[in-house]
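Me: I'd like to go through this structure with you. Can we start with the sheets and then move on to pockets and charges?

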Amino acid sequence: TATAPWRTIRHAIGATPAGGTVVVRAGTYREQPGAIARRITIQAYPHEQVWVSGAVVLNNFVRRGTTWVRSGWNPGFCRTCVHSTAVDPAHPAAGLPDQVVVDGTPLTEVVSATALGPGRFFVDPVAHELVLGSDPTNHVVEATVHAGALSVGPPSAAGTVIRGIGFTGFTSYEAGRPLATISVSSPSVTLDHVAITNSGARGVMISATGTTVQDSVVLASGFSGIGAHRADGLQLLRNRIGFSNAQRFAYLTSLSTSSIAGAKITASTNVVVRGNVFDDNSSNGLWIDISCSDVAIVGNSSVRNADRKSTRLNSSHLVIS
């Protein structure tokens, strides 16, 4: 109830019957809400700001020379799930699952302790250590411990709505596959006024019919912002999708990176992409590919994306205005 709320979103999802609504009060919820199996609505309380974070706040760092070490660090993520051809030698840490943020600013991961310096961090998976090149004293250090945030999966969850909630700091690869902060495989799901930032890999992955993503932002995804496959009836309306491929994967050098874009849509029909901004992606901004048809691309802005490929269209029966 409003006067005696549950503590976690995950518990509320499990306890809410089909057709019910979970109303989330203001705050940062450091949890993995998990799977939605019934049609429900999850929304922020009116005029309150809600963030769901895949990271925990860390302290107890010990100085070691010019570095600061947190022992016992072992979140258990896959560190070998990216093919070597996907990694640009100039950015060798691309594809590693770790993310560290200090006072809201992401640090840059390096692949060896010798490369450490201010603004950088290193994870030693053998010694189970997280090592910072910057002094964390009197600063808020957040490190990712969760993979995907939400998955909307079975047909019984058709019609689910997620509204007015922010998701940040969820990681990249698990069991050999790129994860998304939000994964949608149930029909007719709506993401409305949602913010998804600092995803290790994808922000959103859609593999269902009738999905709508509207009035939302998907920013600083390590791999790609939005992926959609077999997503007939998809509508992307008035969103901002920017700064994708933040990990700087080797762009289009292997099949494992050929899906990188601000938004990439494949094998889908009756798609509407209207009023969106695709900006500053280190990749294509919008990419329509592989057997898409009957796609309307209307009133979008696509600027400052990599290789002058702001919009890439490899399909037929497109309406562009």
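Reply: S6 and S14 pair in the antiparallel sense over four bridges. Two strands count as paired if DSSP finds at least two bridges between them. Helices (H or I, at least four residues) and strands (E, at least two) are DSSP runs, numbered from the N terminus. This is a predicted model, where local features need pLDDT of at least 70 and side-chain atom pairs count only at pLDDT 80 or more, while totals for chains, interfaces and linings use all residues. Residues are numbered from 1 along each chain as its sequence is written, and side-chain values use heavy atoms, with hydrogens and water left out.

Me: Which residue of S14 stands opposite Ala55?

Reply: Thr144.

Me: What's the strand order in that open sheet of four?

Reply: S6-S14-S9-S10, with antiparallel pairing. S6 (55-58) and S10 (105-106) are at the edges with a single partner strand each, so one side of each has no neighbour in the sheet.

Me: And the open sheet of five strands, what order there?

Reply: That order is S7-S8-S13-S12-S11, and the pairing is mixed.

Me: How many bridges join S12 to S13?

Reply: Four, and the two strands run antiparallel. Val123 has Leu130 in S13 as its bridge partner.

Me: New topic, holes. How many cavities of 30 Å³ or more does the structure hold?

Reply: One. The largest cavity has a volume of about 30 Å³. On a 1 Å grid over the protein atoms alone, a cavity is a set of points where a 1.4 Å probe fits but cannot get out; a pocket is an open set with protein on both sides within 12 Å along at least five of seven lines; lining residues have an atom within 4 Å of a point. Grid points are joined across faces, edges and corners, and a volume is the space filled by probe spheres set on the points.

Me: What lines that largest cavity?

Reply: Among the lining residues are Val123 and Leu130, along with Thr144, Trp73 and Asp98. S12 and S14 are the elements that give two or more residues to this lining.

Me: Is Thr171 buried or exposed?

Reply: Thr171 is buried, at 2% relative accessibility. Buried means under 20% relative accessible area, exposed over 50%, partly exposed in between (1.4 Å probe, protein chains only). Thr171 is in the loop between S17 (166-168) and S18 (173-174). Leaving out residues up to four places away in sequence, its contacts include Asp98, Thr144 and His146. Contact means heavy atoms within 4.5 Å.

Me: Now the pockets. What volume does the largest one have?

Reply: About 790 Å³. Its lining has 35 residues, and Pro106, Leu107, Thr108, Glu109 and Gln247 lie nearest its centre. That lining divides into 16 nonpolar, 13 polar and six charged.

Me: And the second largest pocket, what volume?

Reply: About 410 Å³. Of its 17 lining residues, Thr1, Pro5, Trp6, Val22 and Val23 are the closest to the centre. S1 gives the largest share of the lining, four residues.

Me: Last topic, charges. How many salt bridges turn up in the whole structure?

Reply: Ten. A salt bridge is a side-chain nitrogen of Lys or Arg within 4 Å of a carboxyl oxygen of Asp or Glu. One of them is Arg64 with Glu129, closest N and O atoms 2.9 Å apart. The two are 65 residues apart, Arg64 in S7 and Glu129 in S13. Arg64 is partly exposed at 45%, whereas Glu129 is buried at 12%.

Me: Which partner does Glu109 have?

Reply: Arg79, with the closest N and O atoms 3.8 Å apart. Glu109 is buried at 11%, and Arg79 is partly exposed at 25%. Arg79, Asp98 and Glu109 are linked in a network of salt bridges.

Definitions and conventions:
Nonpolar A, V, L, I, M, F, W, Y, C, P; charged D, E, K, R; others polar.
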